[in-house]
Every structure is written in C-alpha cells, then in structure tokens.
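Work through the exercises below with the sequence and the structure open. Try each task before reading its solution.

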Amino acid sequence: MRCIAGICEVLPVRRPKNLKAAKARAWRAVSAYIRQKYAEDGLAYCITCDARMRWQDLHCGHYQHGLTYAQGDDGFHLLEENLHPQCSGCNTFRGGMLDKYTLYMLDHYGREMIEELQSLRHKPLKMKIDDFWRIEQRYARQDD
Ligand SMILES: [Zn+2]
C-alpha cells in the first residue's frame, strides 16, 4: 500500500515510464510529505500569513523558486529546508510572499542556509527517471 496526498492505493506502484511523469510523481510525494510534516491533527499553518487549514488544502511553497521544482528543468535539488506549507493565496496570488518567507528562513535556519539555497540555484541537475523514482519511493514511504 502506498499513500500520497491522503489517497491510499492498493495497487502496486510501477516505475514511471517517462521523465515528465517521473518528475511529477516525485514532486507529489515530496509535497505531501512536507505539508504533513508541519501538520498537527491534520492542520498546518501557512508560514507567511499564519492561516491554519487542512494540510491537503495547503501548497508546498518554495523559498528559492526553481531550485526544487520548475517546469522545464531536468532535475531538482531536494532540500526540505527550501520547502514549507503555504496557503494558495500566498504561494500563488501573492508570489510566494518572499519578504515574509525570508524572515521565516532567517528565524529558523539563519543566513548561511539562505546563501546555500541561493548558490544551488545556479547548479542545475540532470536527473533521470530512476533518480525521480527513488525520490518518489523514499517520500511516499514516509507517508505510511
Ligand atoms: Zn498564506
């Protein structure tokens, strides 16, 4: 059994057939894991506006955009420190609320982590289906 985003599947999980599917599935697993990591009794806070809601209704917001997941990139640096729950308003309509996100990062990780994340933006990865497949398996297992 495997559970992603609260949906449990009894069917065996097959290796993805193409890179696009592999990347999307890996991201789904990581996103669900991150949102649940910050949840208590099924509820988590948006780190930039403090809205409290079901983890399933939150987004997994990036601090450094394009670092962890971006359309068109061949891979992503998987750093949990770059990912936190955000409401759809902050993540999408208010562009990630970078000013408040930066303060959160400073309070929780310090300047060195911010600089490390910024430096990784300029180191693109070439990832293959199996790289994403490993990420998906690792993070989907943590949901169980
Ligand atoms: Zn918010």
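Two residues are in contact if their C-beta atoms, placed from the backbone, lie within 7 Å. The model used here is a predicted one.

**Exercise 1. Which residues is Ala26 in contact with, leaving aside its neighbours within four places in sequence?**

Step 1. Set aside the neighbours within four places in sequence; Ala26 is then in contact with Phe132, Ile135 and Glu136.

**Exercise 2. Why is Ala21 classed as partly exposed?**

Step 1. Locate the residue: Ala21 lies in helix H1.

Step 2. Recall the cut-offs: a residue is buried with 20 or more other C-beta atoms within 10 Å of its own, and exposed with 12 or fewer.

Step 3. Apply them. Ala21 has 13 other C-beta atoms within 10 Å, so it is partly exposed.

Step 4. Ala21 and Ile129 are 108 residues apart in sequence and 8.6 Å apart in space, C-alpha to C-alpha.

**Exercise 3. Which residues of strand E6 point one way, and which the other way?**

Step 1. Recall the general rule: in a regular strand the side chains alternate between the two faces of the sheet.

Step 2. Read strand E6 (residues 83–86). Leu83 and Pro85 point one way, His84 and Gln86 point the other way, and all are buried.

Step 3. Find the partner. E6 pairs with strand E5 (residues 59–62) in the antiparallel sense, over four bridges. In this pairing, His59 stands opposite Gln86.

**Exercise 4. Where in the protein is confidence lowest, and where is it highest?**

Step 1. Begin with the whole protein: the average pLDDT is 84, and 81% of the residues score at least 70.

Step 2. Turn to single elements. The mean is lowest in strand E2 (residues 7–9), at 58, and highest in strand E4 (residues 52–54), at 98.

Step 3. Over residues 69–74 pLDDT stays under 50.

Step 4. Draw the consequence: where pLDDT is low, the predicted coordinates should not be read in detail.

Notes: Residues numbered from 1 in each chain as written. Predicted model: local features only at pLDDT ≥ 70, side-chain atom pairs only at ≥ 80, totals over all residues. pLDDT = per-residue confidence, 0-100. Helix = DSSP H or I, 4+ residues; strand = E, 2+ residues; numbered from the N terminus. Pairing = 2+ DSSP bridges.
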